[in-house]
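Welcome, and please open your viewer. We will go from one selection to the next and say what is there at each stop.

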Amino acid sequence: MATPRGRTKKKAPFDHSPDSLPLRSSGRQVKKKATETADEDEDGGSEKKYRKCEKAGCTAACPVCFASASESHKDGYDKYTTWKKIWTSNGKTEPSPKAFMADQQLPYWVQCTKPECRKWRQLTKEIQLTPQIARTYRCGMKPNTAVKPETSDHCSLPEDLRVSEVSNHWWYSMLILPPLLKDSVAAPLLSAYYPDCVGMSPSCTSTHRTASDASPGKLEHSKAVPCVLVPGMNRYFQPFYQPNECGKALCVRPDVMELDELYEFPEYSRDPTMYLALRNLILALWYTNCKEALTPQKCIPHIIVRGLVRIRCVQEVERILYFMTRKGLINTGVLTVGTNQHLLPKDYHNKSVIIIGAGPAGLAAARQLHNFGIKVTVLEAKDRIGGRVWDDKSFTGVTVGRGAQIVNGCINNPVALMCEQLGISMHKFGERCDLIQEGGRITDPTIDKRMDFHFNALLDVVSEWRKDKTQLQDVPLGEKIEEIYKAFINESGIQFSELEEEVLQFHLSNLEYACGSSLHQVSARSWDHNEFFAQFAGDHTLLTPGYSVILEKLAEGLDIRLRSPVKSIDYSGDEVQVTTTDGTECTAQKVLVTVPLALLQKGSLQFNPPLSDKKMKAINSLGAGIIEKIALQFPYRFWDSKVQGADFFGHVPPSASKRGLFAVFYDMDPQKQHSVLMSVIAGEAVAAVKSLEDKQVLQQCMATLRELFKEQEVPDPTKYFVTRWSTDPWIQMAYSFVKTGGSGEAYDILAEEIQGTIFFAGEATNRHFPQTVTGAYLSGVREASKIAAF
């Protein structure tokens, strides 16, 4: 990939490179510089280009090697051979004389930092460009010396005529060798790669590899390299795949362009080295400091490469950075920018957008579009922001999420990014989860492991069944599991004990919690459709301050209108007209709909023209899953002695009919100081408690706890809540699932925009990461990118 392209015709070294050097008397004529400084003359302008033959009587003249790297020039030749040895041990491309000249001999170019000047100047031969020099350079400066400029009018000198050619479309195609950055900030993150395959020079100390690393086979045929942790960088930030690594969400291959990158920058399809060098640099800079907006001006000083190609890199980094910003790869999260510091150029600003819903998806999109410089109005039906995120802070010492509060997989998760930006921490869940039977006995861990194995074996058989293409009919997951289970019992002759059966029911209740539904409504073919895509790896955590801290920051400074439920969306005209239930009309060029799936299914929003049959079929093929929560505060931590510091403990249901009722209890205080437990109601149990009063649900929960801790006194709670998501008129659900007969494709169809005017976001539009705040947030970022591009 980084190997230099061959040429179709034989040419003198660098004869047709844009960095052509005026060192030959033959070849194409090089343009004279507009200005020749005395310093440049001293560098070799007067050096002889030919020398006489040393043999007595011979009148022949031989060309002098520009780099003094021929064997007849010992000092230069030693330098070349030393460089060649380093290059060979670290890199993959050929250490040719051309590569040596590009990497070691060409002059650096730097731009004057005076706003009224901004001319490019060629540095003298002995000066090594550094980020500090690039940040501070002014015409006439002599870096690394105490000599002051003789005049103060160096900026008035004309710019070298070659500089103007660099911007021409044909210029990049004339490069013999692609640029390789020196001392890139990305180097520590890419130490397992050949530097020249990811846009970096193999000659720099930062890209040197140990002897054991230098074997070419190591990178191409070994097992996956462990993740690279860079001092000072959040351990959850792993933007690049390591060699042979796969299946990690929001990772990029540092040596390959993604499809959307190739679509946006087709000119790099033949040789992507320059693009990869700049993209990898930008990503590394962003994850090094994600608390401030990354601008082209912050990237440019880190572009260290010799020759006029540095000018082209500086021009290109702006394009690439704007693309990555629009896609939400950088400059995202809770980042806020000033009024006149928009993240995208003015070309993007001439749009107006109405966003319906102020949940994670709506707020994510609104924050992105606002930062881009696009006018945004958010209409929210409820009297608060957050949607299915709703934190209760009335408990002493802890925040309890009535909705989402758990982060499933933190590596590259945007929630981890936003926590870093806000300086808040998450609590990593421990692995221990004792299963306690009614009566108070802790289940033998070997029984739990055995039944967990059988549970996963049942799901494996489901996976094998759906591979059979002759089985065209989908069935409910619960039905298929029961069928497989009975067949296993009949064929194996194994008889599980009553306790083992109960433990199996516990694992099935966890599956219903994950699906948000009874297994008898979930598709056996597509229940885990998103597992075919890379998922978030790493720790599962409790966001102890609550998601509302993040959402409140996302909402800061936005035009959000609460108590504004939308009744209709008319997109039949040039602009979209949105009407609220009180008759207020708003118009915009684009509308983003982020309401819960349940509201779309029930026709709470009227569309004119109506939604297509295809989209309605997709909407109705998904299920609006429901779970409910109960949280209780006690006068003291009565469970401590039994669970011994675990973050949660399980409740073994006494029968299948009790499955899903308070299956797991979470300790909401990682510091083990305050006394708050939270549990979940899932599956068939949701319907069982729907008609009960909160006090009746509390009584059932307390009866369960007193059975689990029968050997001791369990005090009455001092405070509690029971959620009622299913009856909230503007929510009516927890999260989506694929109903029997449906497929994961429905998420993509629901996400499709209509006529470039009506857009959709929310967890039920994210095929890769449904059911999560992360998925909702990313869907908002995705739609903001689409809206900006239209």
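Begin by selecting I630: its bridge partner in strand 24 is V722. Residues are numbered from 1 along each chain as its sequence is written, and side-chain values use heavy atoms, with hydrogens and water left out. This is a predicted model, in which local features need pLDDT of at least 70 and side-chain atom pairs count only at pLDDT 80 or more, while totals for chains, interfaces and linings use all residues.

**Strand 20 and its partners**

Now select residues 628-633, which form strand 20. Helices (H or I, at least four residues) and strands (E, at least two) are DSSP runs, numbered from the N terminus. Strand 20 runs antiparallel to strand 24 (residues 719-722), and four bridges join them; two strands pair if DSSP finds at least two bridges between them.

Are the two faces of strand 20 covered or open? Both are covered, with E628, I630 and L632 buried on one side and K629, A631 and Q633 buried on the other. Buried means under 20% relative accessible area, exposed over 50%, and partly exposed in between (1.4 Å probe, protein chains only). Six of the six residues of strand 20 are buried, so this strand is largely enclosed by the rest of the structure.

**Strand 25**

Move on to residues 735-738, strand 25. Both of its faces are covered too: Y735 and F737 are buried on one side, S736 and V738 on the other. Strand 19 (residues 622-625) pairs with strand 25 over four antiparallel bridges, and G623 stands opposite F737.

Strand 9 is joined to strand 12 (residues 540-542) by three bridges, and V407 stands opposite T541.

**The whole protein**

Finally, zoom out to see 23 helices and 26 strands. Of the 790 residues in the protein, 54% are buried. Among contacts (heavy atoms within 4.5 Å) between residues at least 6 apart in sequence, 71% join residues at least 24 apart.
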